Amino acid sequence: GDPGFTVEDVTIHEDPRAGIEPAAYTTSMNVGVRFLPLLTGRLELSGLRLGDASFNLVRTPSGVWSFQYLFGGGSEGLPSVHMPPIKMRGGRLNLKYADTKSVFFFEDADLDVDGGTDGTVSFRFGGLPARTDRSARDFGHLFLRGTWTTVGDPKLNVEVELERSAVN
């Protein structure tokens, strides 16, 4: 495997176009570094793994999602630099519209995001839907899998599955 390091208590700040609250907090982040580019003096990430993270996914009034700004994308959509694979296990995903946080969120969230060299981002997400205004957590488990691209004909392909929980 590639060499790497771990950073603790990480705050990832939001692009100001998407809001002022940080985009994410995580207790630890493992960062993989590609070995060969290091020999030429270039730092290239081979992957990010987040532990106990909390993310805010923001939809701006202009219709752009906060993740589109993360790596230099914006209205054109996709990152302008190669995005290393990102993994999160057991985190929390909060949903926001502009500065208003939704009562809906996902806990025990797993997320895999991988940016391909052809301008397509593939993703997998699984989480337990929940609400801040209710203590019950028996909605089931939501799974998303798909790809997103704006190269050529812009498109988003998503498969959605809801595994219902047993209600006692």
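Student: Why is R89 called partly exposed?

Tutor: R89 has a relative accessible area of 31%. Buried means under 20% and exposed means over 50%, with partly exposed in between (1.4 Å probe, protein chains only), so R89 lands in the middle class. Before we go on: this is a predicted model, where local features need pLDDT of at least 70 and side-chain atom pairs count only at pLDDT 80 or more, while totals for chains, interfaces and linings use all residues. Residues are numbered from 1 along each chain as its sequence is written, and side-chain values use heavy atoms, with hydrogens and water left out.

Student: What makes D112 and R89 a salt bridge?

Tutor: The rule asks for a side-chain nitrogen of Lys or Arg within 4 Å of a carboxyl oxygen of Asp or Glu. In D112 and R89 the closest N and O atoms are 2.8 Å apart, so the pair passes. D112 sits in strand β5 and R89 in strand β4, 23 residues apart, which links distant parts of the chain. As for cover, D112 counts as buried because its relative accessibility is 11%.

Student: And which strands are those, in terms of how they get assigned?

Tutor: Strands are DSSP runs of E, at least two residues, and helices are runs of H or I, at least four residues; both are numbered from the N terminus. Here β4 covers 86-97 and β5 covers 100-115.

Student: How many salt bridges does that rule give?

Tutor: The count comes to nine salt bridges. Another one is K96 with E21, where the closest N and O atoms are 3.0 Å apart. K96 is in strand β4 and E21 in the loop between β1 and β2, 75 residues apart, so this pair also links distant parts of the chain.

Student: Is K96 buried or exposed?

Tutor: K96 is buried, because its relative accessible area is 8%.

Student: What about D133 and R131, what is their N to O distance?

Tutor: The side chains of D133 and R131 meet at 2.8 Å, N to O, in a salt bridge. D133 is partly exposed because its relative accessible area is 46%, and R131 at 16% is therefore buried. Elsewhere, salt bridges that share partners join K87, R89, D112 and R124 into one network.

Student: How do you know which strands are at the edges of the sheet?

Tutor: Two strands pair if DSSP finds at least two bridges between them. Eight strands form an open sheet in the order β1-β2-β3-β4-β5-β6-β7-β8, with mixed pairing. The edge strands are β1 (4-12) and β8 (155-163), each pairing on one side only. From one strand to the next, the twist averages 25° (axes are lines fitted to C-alpha atoms, for helices over the stretch in contact, and angles run from 0 to 180 degrees between N-to-C directions).

Student: Why is S66 called buried?

Tutor: S66 has 6% relative accessibility, so it counts as buried. S66 lies in the loop between β3 (45-59) and β4 (86-97). Leaving out residues up to four places away in sequence, S66 touches E14, A18, N56, L57 and V58 (contact means heavy atoms within 4.5 Å).
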